[in-house]
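Please read these notes with the structure open beside you. They take one place at a time.

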Amino acid sequence: MDGIVTDVAVGVKRGSDELLSGSVLSSPNSNMTSMVVTANGNDSKKFKGEDKMDGAPSRVLHIRKLPGEVTETEVIALGLPFGKVTNILMLKGKNQAFLELATEEAAITMVNYYSAVTPHLRNQPIYIQYSNHKELKTDNTLNQRAQAVLQAVTAVQTANTPLSGTTVSESAVTPAQSPVLRIIIDNMYYPVTLDVLHQIFSKFGAVLKIITFTKNNQFQALLQYGDPVNAQQAKLALDGQNIYNACCTLRIDFSKLVNLNVKYNNDKSRDYTRPDLPSGDGQPALDPAIAAAFAKETSLLAVPGALSPLAIPNAAAAAAAAAAGRVGMPGVSAGGNTVLLVSNLNEEMVTPQSLFTLFGVYGDVQRVKILYNKKDSALIQMADGNQSQLAMNHLNGQKMYGKIIRVTLSKHQTVQLPREGLDDQGLTKDFGNSPLHRFKKPGSKNFQNIFPPSATLHLSNIPPSVAEEDLRTLFANTGGTVKAFKFFQRDHKMALLQMATVEEAIQALIDLHNYNLGENHHLRVSFSKSTI
């Protein structure tokens, strides 16, 4: 059987629907050691069968359940963190593809990694396994688009000059004009720090400098590599990918700048070639408490650097794959558990409304139920799994009404409302249609201002007639001590107010968020990362 040539249609499949009978292309002889697949679009009925899920390792991988609109670039990007991709065969009519890597070792690393965590393309799970074929031979005249993309990637990987006479689609790579990338984060559900960006982008080369800023209400960054080729690779692999599952989408373009001038090393900017730079007056380095909270959150979300427990042979490649957002991390998908169990509450003080207000800082609370037979515990249903994870990360271990609360994921999938006509003493409340939800509007500024509980509160929607003394008195009446206050210099509708402790700030937020200050202005209160 050695030397058999099998005909495989390329692109939108031509020929028989029996080509991938049972969903997988396989060899008619499992003992064949040098199977060659040739794509020439002819008599594909010769060959049909099914691969076994646990086939012998091969540098050719079979990818199934691809979204219909997926591009060659996206499929190639799946393999880039693990090694050089040497060939690709798209079977768009079947939503499948074959990807050939340069070495069997790279393919084994890729399969091992994606067997531990299901890969996603365009938020849809896909499946990767070894093919029975040991090599892909594609007819370039029928596979021009895929080959053009592949050649462009190869040019980038080997630092060659752009290929002459090769037409590359817009979704593929373009000649790198600059080593500086402009990065925009869409749908920013979690805070994205400078360090997270460094971890993600350093998988593709040495990152020299990063500057972060907010423009047009969007978190953006400029990131400089030492070599334009590295910028090209990062853009190809990461553009359009999610940092966390289902959110924090990277939009990447080349900047017109060729060099960044960084003056300070702090949480907003960093020059990794000059560790001696000052943090800058009025430019504090990242607060240690916030840094610790971010570290806690990112470890739970399996950001690069938190992948070592998977025991993958090529940890750097796996980290890059995770950074590119192609993997769905357990417990943080939008479809994950939305219900939280909160225990050790002060049953004399707690109400559904107070829980709604506090947990509403981290997501849109749908329902709250204080347990009838155990009033120091409550179930809280968030809008999605990302929000429940975020609320748990930030509020577990915080003090509310004098008691340290415990927040865990509940085994319940929803919070049940009491049967009609049944009096549950007001312990259950439905907030599904509340006008106070912070995150209903896509692209809201609130997505960029999610911070751990802190003693400093951010106040907004303050009417012109309300003075500093009025607000100091109002917040002192919640039972705490106001230590500092500062109106925003350019906008007196906003201010920072610092309480003596985080517990006092939590109490003040619960009592005064949405407080009517008159003139149809309802005060908005959230936690701030700043200090006064």
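1. Begin at the start of helix H5, where a side-chain oxygen of Asp227 comes to within 2.9 Å of the backbone nitrogen of Val229. Keep in mind that this is a predicted model.

2. Helix H5 itself covers residues 228-238 and is mostly covered, with eight of its eleven residues buried. The buried ones are Asn230, Ala231, Gln232, Ala234, Lys235, Leu236, Ala237 and Leu238. Just after H5 comes Gly240, which has a positive phi of about 90 degrees.

3. The average pLDDT of the protein is 75, and 73% of the residues score at least 70. Residues 1-53 have a pLDDT below 50, although the model gives this stretch 126 contacts beyond near neighbours in sequence. Residues 159-176 also stay under 50 in pLDDT, and the model has 30 contacts for them beyond four places in sequence.

4. Next, look at Thr338, in the loop between helix H7 (315-323) and strand E16 (339-343). Is Thr338 buried or exposed? Its relative accessible area is 13%, and because the cut-off for buried is under 20%, Thr338 counts as buried. Leaving aside residues up to four places away in sequence, Thr338 touches Ile380, Gln381, Met382, Ala383, Asp384, Gly385, Ser388 and Gln413.

5. Helix H11 spans residues 502-512, and its buried residues are Ala505, Ile506, Gln507, Ala508, Leu509, Ile510 and Leu512. What do the buried residues of H11 pack against? Their partners include three helices and strands that can be found first: helix H8 (352-359), helix H10 (468-476) and strand E25 (495-499). Strands E19 (399-400), E23 (456-460) and E26 (524-527) are also packed against by these buried residues. Just after H11, Asn514 takes a positive phi of about 75 degrees.

6. Last, the empty space. A probe the size of a water molecule, rolled over the atoms, shows where such space is left. The structure has three cavities of 30 Å³ or more. The second largest cavity holds about 60 Å³ of space. Which residues line the second largest cavity? The lining consists of Phe356, Thr357, Gly360, Gly363, Asp364, Val365, Leu436, His437, Arg438 and His513. By type, this lining divides into three nonpolar, five polar and two charged residues.

Terms used:
Residues are numbered from 1 along each chain as its sequence is written. This is a predicted model: local features need pLDDT of at least 70, side-chain atom pairs count only at pLDDT 80 or more; totals for chains, interfaces and linings use all residues. Side-chain values use heavy atoms; hydrogens and water are left out. Buried means under 20% relative accessible area, exposed over 50%, partly exposed in between (1.4 Å probe, protein chains only). Helices (H or I, at least four residues) and strands (E, at least two) are DSSP runs, numbered from the N terminus. A polar contact is a pair of N or O atoms within 3.5 Å; within protein, one must be able to donate a hydrogen and the other to accept it, and residues adjacent in sequence count only if both atoms are side-chain atoms. Contact means heavy atoms within 4.5 Å. On a 1 Å grid over the protein atoms alone, a cavity is a set of points where a 1.4 Å probe fits but cannot get out, and a pocket is an open set with protein on both sides within 12 Å along at least five of seven lines; lining residues have an atom within 4 Å of a point. Grid points are joined across faces, edges and corners, and a volume is the space filled by probe spheres set on the points. Ala, Val, Leu, Ile, Met, Phe, Trp, Tyr, Cys and Pro count as nonpolar, Asp, Glu, Lys and Arg as charged, and the others, Gly among them, as polar. pLDDT is the predictor's confidence in each residue, from 0 to 100.
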